Amino acid sequence: TVPGNKMDNSVLVQWLEELKSEYDVYTFAVGYDPWHIQDTSAQLQFEQYVGKSRSFQVRQGTKTLSMPMKQLKADYKANRIVDGHNPIDEWCRMNVQVKADTNNEIQPCKKQLNPKNRIDGFMAELIAYIVLCDLMDDYQGVV
């Protein structure tokens, strides 16, 4: 946990370093929503950590999120995703409501637009899924 309402992005890089040193887990790529990043230092930290070609801004909106949301749902339905049934992630998924536009493009929003309905875990999962799909060939070449 990180105190306060905002997180210093260097905390994420420190956590990634901790995963590597304590558990031998290496970060292949990083995806992030650029809206909450006040300066370019976080982007530069991510780029330095995983490389510029594996650091992705994932903008929020139907243009970016619609197709990946539909693919993610299909992959869950086909049992192609192992999520460990983390209760916090499951709670976040239950708080997601699909918002569709006139072109049937979709994006997630908080159920009943209630600010208490947290969807952060789902958004992190969706961003990671988008990055994985973009880099799938490279990733499979590494594992």
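These legends accompany close-up views of a predicted model. Local features need pLDDT of at least 70, side-chain atom pairs count only at pLDDT 80 or more, and totals for chains, interfaces and linings use all residues. Residues are numbered from 1 along each chain as its sequence is written, and side-chain values use heavy atoms, with hydrogens and water left out.

**View A. A salt bridge joins K20 and E17.** Here the closest N and O atoms are 3.2 Å apart; a salt bridge is a side-chain nitrogen of Lys or Arg within 4 Å of a carboxyl oxygen of Asp or Glu. Both residues sit in helix α1 (residues 10–23), three residues apart, about one turn of the helix. Helices are DSSP runs of H or I with at least four residues, and strands are runs of E with at least two, numbered from the N terminus.

**View B. R80 pairs with D75 in a salt bridge.** Their closest N and O atoms are 2.7 Å apart. R80 is exposed, with a relative accessible area of 57%, whereas D75 is buried at 15%. Buried means under 20% relative accessible area, exposed over 50%, and partly exposed in between (1.4 Å probe, protein chains only).

**View C. D83, R93 and E125 are linked in a network of salt bridges.** The side chains of D83 and R93 meet at 3.1 Å, N to O. D83 lies in the loop between α3 and α4 (87–94) and R93 in helix α4, so this pair ties together parts that are 10 residues apart in sequence. D83 is partly exposed, at 23% relative accessibility, and R93 is partly exposed too, at 22%.
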